[in-house]
Amino acid sequence: MSDAHLVLEALEKRFGAGPPAVAALSLAVQKGELLGLLGPSGCGKTTTLRMIGGLAEATAGRILVAGHDVTTLPPHKRDMGIVFQNYALFPHMDVAGNVAFGLEMRKQSRAEIAAKVERALAMVHLDGLGHRRPRELSGGQQQRVALARALVIEPSILLLDEPLSNLDAKLREEMRTEIRDIQKRLGITTIFVTHDQVEALAMCDRIAVMRAGSLEQLGTPFDIYESPATPFVADFVGRINRLDGARDGDGDILAGPLRLRAAKPGPAGRVTVMMRPHRLHIATDAIGPEWNSAAGTIRRATYVGDVLACEVDCAGAMLTVERHTHPGQPIPREGEAVNLAWRVSDTLAFDA
Amino acid sequence: MGKALFHVLVAAMLVFLLAPVLLVIPMSFSADKVLAWPPSGFSLKWYAAMLEERGLAEAARNSLVLALVVTTATLAIAMPAALAIDRWRFAGRDAILALLTAPLLLPTIVLALALLIIFVGAGLLGTWPGLVLAHMLVTLPYGVRVLSTSLSTLPASVEEAAASLGAPPSSVFRRVTLPLMVPGLVATCAIVFLVSFDEVVISLFIVGPQLVTLPVALFRYVESRTDPLVAAVSTLLVVFTLAIVLILDRAVGLRRAVGK
Ligand SMILES: Nc1ncnc2c1ncn2[C@@H]1O[C@H](COP(=O)(O)OP(=O)(O)O)[C@@H](O)[C@H]1O
Ligand SMILES: [Mg+2]
């Protein structure tokens with residue numbers, strides 16, 4: 001990791017007494033990488049971002065950019081572009097003035113500034129809106145101005161704090177791809193804070209899942225989703241079934257009425273078993289040795305157009321099954337008896 | 001029904017609040033020798049008489065100069081104080097804020113007496129510095145309060161954004177904080193100016209034979225005479241005050257609409 005562009009070393013932030021908001025956080029971000037900071041509200045994502053940007057002082061640890069210690073550098077010397085959750089546009093300047101601000105601080109010539117502002121606005125599809133005031137723009141347009149303002153200074157690192165959370169669902173998806181495209185094209189090292197797992201999975205090269213100020217898991221979207229390190233991560237990055245049980249000496253897991261096998265072996269003792277609902281199937285006949293199975297009764301079937309979710313009572317253990325809908329397939333009735341099956345490799349077990 | 005009642009109540013309250021002020025205006029055009037309602041006839045003679053009153057004109061000029069000096073000095077102190085109170089969580093912050101507000105809660109007459117006692121010893125009675133100091137005792141709390149309220153509504157993230165874009169603290173203040181504070185500053189100026197221009201209780205104790213303010217001069221005038229001249233002066237004061245408020249409102253509104 002010696003070539004990492006941004007390194008956090010045992011970063012900590014305390015606000016007064018009590019547990020720290022961020023504790024012993026260590027991360028290395030590669031040049032041009034888009035790293036997501038994912039976690040529930042209040043887990044310390046914004047605080048981490050603010051420490052990287054120099055807006056909050058770290059109470060312990062170090063921040064290195066390209067090998068240089070910037071831990072105590074004030075924000076105006078860090079050369080980082082920040083997009084705030086509320087955009088924080090300058091209300092007394094027009095759009096062009098907002099975007100030009102960082103260039104003016106860098107004492108660039110008028111002609112140079114005008115050209116760059118125009119290019120930056122074109123990049124975020126705001127050509128011709130340079131004379132509007134921020135309050136005359138929609139949320140999505142304000143978000144683009146904030147992005148253009150942060151990018152036009154060609155910062156060494158881009159910090160985004162839930163930049164899409166104030167947008168409606170459709171616009172949010174559009175902006176996801178747009179931000180990702182721009183970020184890739186400019187090859188700019190980026191930290192993307194979000195509490196939305198879909199956003200993180202869709203956009204990031206790697207995701208750091210945070211919980212109560214600490215790093216819970218660092219990995220690619222695939223790793224995080226398919227091989228969660230803890231029940232917390234498994235639960236946070238997607239819907240999941242959860243059963244508590246115990247592993248015996250043979251490696252079999254007894255969870256209530258069910259006898260299961262898990263993807264990875266482990267020692268005997270208490271375990272938590274988790275399966276994603278869409279990896280469970282209402283079985284026909286394809287049961288083999290690499291499958292777990294359970295018999296149950298449908299308690300509830302919820303049809304939401306593209307997905308059908310069934311809650312199945314397997315002798316007391318409630319499991320949710322999801323499948324895509326087809327016009328030919330009937331919707332199961334409540335009270336219907338079914339067999340469930342899922343692959344052993346889709347069965348995650350965590351030692352309690 | 002409930003709405004109609006509400007409107008009637010609001011109208012009644014406005015009449016109650018404004019009636020004395022509105023009464024003064026017709027009275028200033030009275031042709032009578034004494035203040036009486038209703039006037040038996042109308043004329044402009046009291047406006048003419050007002051211009052003849054040397055003492056009042058002199059006092060008006062004093063009040064104007066005093067209010068301008070007090071406003072400037074108050075702003076010079078209240079601005080850094082409000083910034084410090086809003087931005088830094090220093091020890092004794094609440095105590096300082098309470099201390100700055102205390103003069104607003106004390107009976108003015110107590111303040112006036114205290115100032116009288118101190119100023120006698122310090123030789124400040126009837127002097128410009130004495131009057132400025134005394135007025136600032138009243139205007140500073142207003143200034144700090146109004147300014148720190150306007151600062152607290154200013155989102156910190158806007159300044160942080162400026163800093164992250166490479167602006168050192170001085171540039172952040174000049175390019176972002178100050179422009180965004182303009183409405184608050186204008187409001188502070190207007191309030192402080194009017195409070196000083198209007199101040200009578202403390203001034204009564206502090207003024208001297210050579211240095212009298214307009215409210216004090218008016219107060220003394222009505223003690224010895226009861227002609228409608230004071231109504232004429234009062235009408236001008238109402239117009240003057242309204243003009244200040246309107247001009248400032250325009251200035252702030254215009255700035256918001258047009259200026260950078
Ligand atoms: N300025 C502050 N003063 C005191 N506590 C704070 C401050 N900022 C954040 N915190 C606390 O730190 C924790 C992490 O907050 P934050 O980083 O904003 O979380 P997130 O962005 O993940 O929602 C929270 O418990 C929050 O209450
Ligand atoms: Mg946050």
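1. The model is predicted, so local features need pLDDT of at least 70 and side-chain atom pairs count only at pLDDT 80 or more, while totals for chains, interfaces and linings use all residues. Residues are numbered from 1 along each chain as its sequence is written, chains are lettered from A in the order in which they are written, and side-chain values use heavy atoms, with hydrogens and water left out.

2. Chain B is divided into domain 1 (1-43) and domain 2 (56-257), with bounds that come from an automatic or database domain assignment. Their C-alpha centres lie 30 Å apart, and the contact (heavy atoms within 4.5 Å) takes 10 residues from domain 1 of chain B and 9 residues from domain 2 of chain B.

3. Between these two domains of chain B the buried area is about 700 Å², of which carbon and sulfur atoms give 76%; buried area here is the accessible area (1.4 Å probe) that two parts lose on being put together, summed over both. On the side of domain 1 of chain B, Val24(B), Ser28(B) and Leu35(B) lose the most area to domain 2, together 54% of what that side buries.

4. The C-alpha trace of chain A spans about 75 × 50 × 35 Å along its principal axes, and, among contacts in chain A between residues at least 6 apart in sequence, 66% join residues at least 24 apart.
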